[in-house]
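Here is a short tour of a protein model for anyone who likes to keep the structure open while reading. Have a look at the sequence and the fold, and then we can walk through a few features together.

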Amino acid sequence: FLASALENLCPPIEDLEPCGCVSDGKSIRVDCMAVTDVDELRRALQSVKGIRRVFIDFLRARLDYIPSDLFKGLHVTKISFTNCDLKKFGDEGRSALEGLEHIIEEFSIHFSFNEDNELKYLNVSQLKAITDLEIEGNELTEMGNDWFKDGPSNVRNLFIMTNFIEKLGDKAFASFRNVRNLWLTGNKFKTLKRSMFPSPAVHLSSLDLTNNEISTLPDDIFSKMPALKEVILAENEIQYVTEATWSPVWSRLRSVYLESNPLECDSGIEWMFKVSRPYVLKGTCVGPKNRKDVALKRIIDDKQQEDLYDD
């Protein structure tokens, strides 16, 4: 009986209302659904004070803004907002999550800002313990250098997805020197620069740029990325997989995804016949005529097989 009582770390239900709670004996998850009053929420969250690992999920919350000090004094290691209606996050000149600078590990905002209440800026640079940061579906138009100018540098997984970003700052993600997985899918930017990413990007393994409007890549885009294994560029406007850009990393990449691009597989791909290709290579040619609708991988393999027999 005593053991089972100790397993429930949740505070009394009436103290946590309008939120609910579940416990696994080591941590608690607080679910706050459709909350509308910041003061009521602040009072409720005080009931989890002293609990060592707290996860808080907000679903369909309608709040004018999230004060910087809302979670101060709590030991919250994970916060997520999903399908909420938010107008502002944090106070100007202050950390978005005051008091959690050395505590919070995962932070995500999904589909919670819209074009009428655009998320202009999120001050997360002081979050020293955070490893996972996800901003998805929030209808941003621009992500400038000020967003992450000073970090947070310990982020391992950075997901900036389906925000319809049209423009990135020249150094937008340069401070994320420990990032492993960087996913920028479902935006609208056309231009990439090497300076946007850490240099060197010692740990970067997966770079996902699916569903943007990218037509060309700088020659140096993959330079100083020694751990890079996966590049995903599906659903863009790329015509040419150029030797200058790709040959320095081509043979050590495990996976390259180029589906739904207007790939021209003319003499410009002949450099690929002389080197080992990525184990997974996806993409279909639109031209020239004799290679229309043929997989790039098949063209390379057939040519290398042909050369092998000739030898």
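A pocket here is an open set of grid points with protein on both sides within 12 Å along at least five of seven lines. Keep in mind that this is a predicted model.

With that in hand, the largest pocket holds about 240 Å³ of space. It is lined by 14 residues, and the closest to its centre are Lys88, Phe89, Gly90, Glu92 and Tyr121. The table sorts the lining of the largest pocket by class.

| Class | Lining residues |
|---|---|
| Nonpolar | 4 residues |
| Polar | 3 residues |

Stepping back to the whole chain, the domain assignment gives domain 1 as 1-6 + 15-119 and domain 2 as 140-310. Their C-alpha centres lie 36 Å apart.

Strand 1 (residues 20-23) and strand 2 (residues 28-33) run antiparallel and are joined by 4 bridges. Glycine 20 stands opposite aspartate 31 in strand 2. Between the two strands of this hairpin sit 4 residues, and glycine 25 takes a positive phi near 95 degrees.

Now for aspartate 266, found in the loop between strand 16 (263-264) and strand 17 (280-282). Leaving aside residues up to four places away in sequence, aspartate 266 touches Tyr240, Gly287, Pro288 and Arg291. Asparagine 212 is 54 residues from aspartate 266 in sequence and 24 Å from it in space, C-alpha to C-alpha.

Methods
Residues are numbered from 1 along each chain as its sequence is written. This is a predicted model: local features need pLDDT of at least 70, side-chain atom pairs count only at pLDDT 80 or more; totals for chains, interfaces and linings use all residues. Side-chain values use heavy atoms; hydrogens and water are left out. On a 1 Å grid over the protein atoms alone, a cavity is a set of points where a 1.4 Å probe fits but cannot get out, and a pocket is an open set with protein on both sides within 12 Å along at least five of seven lines; lining residues have an atom within 4 Å of a point. Grid points are joined across faces, edges and corners, and a volume is the space filled by probe spheres set on the points. Ala, Val, Leu, Ile, Met, Phe, Trp, Tyr, Cys and Pro count as nonpolar, Asp, Glu, Lys and Arg as charged, and the others, Gly among them, as polar. Domain bounds come from an automatic or database domain assignment. Two strands pair if DSSP finds at least two bridges between them. Contact means heavy atoms within 4.5 Å.
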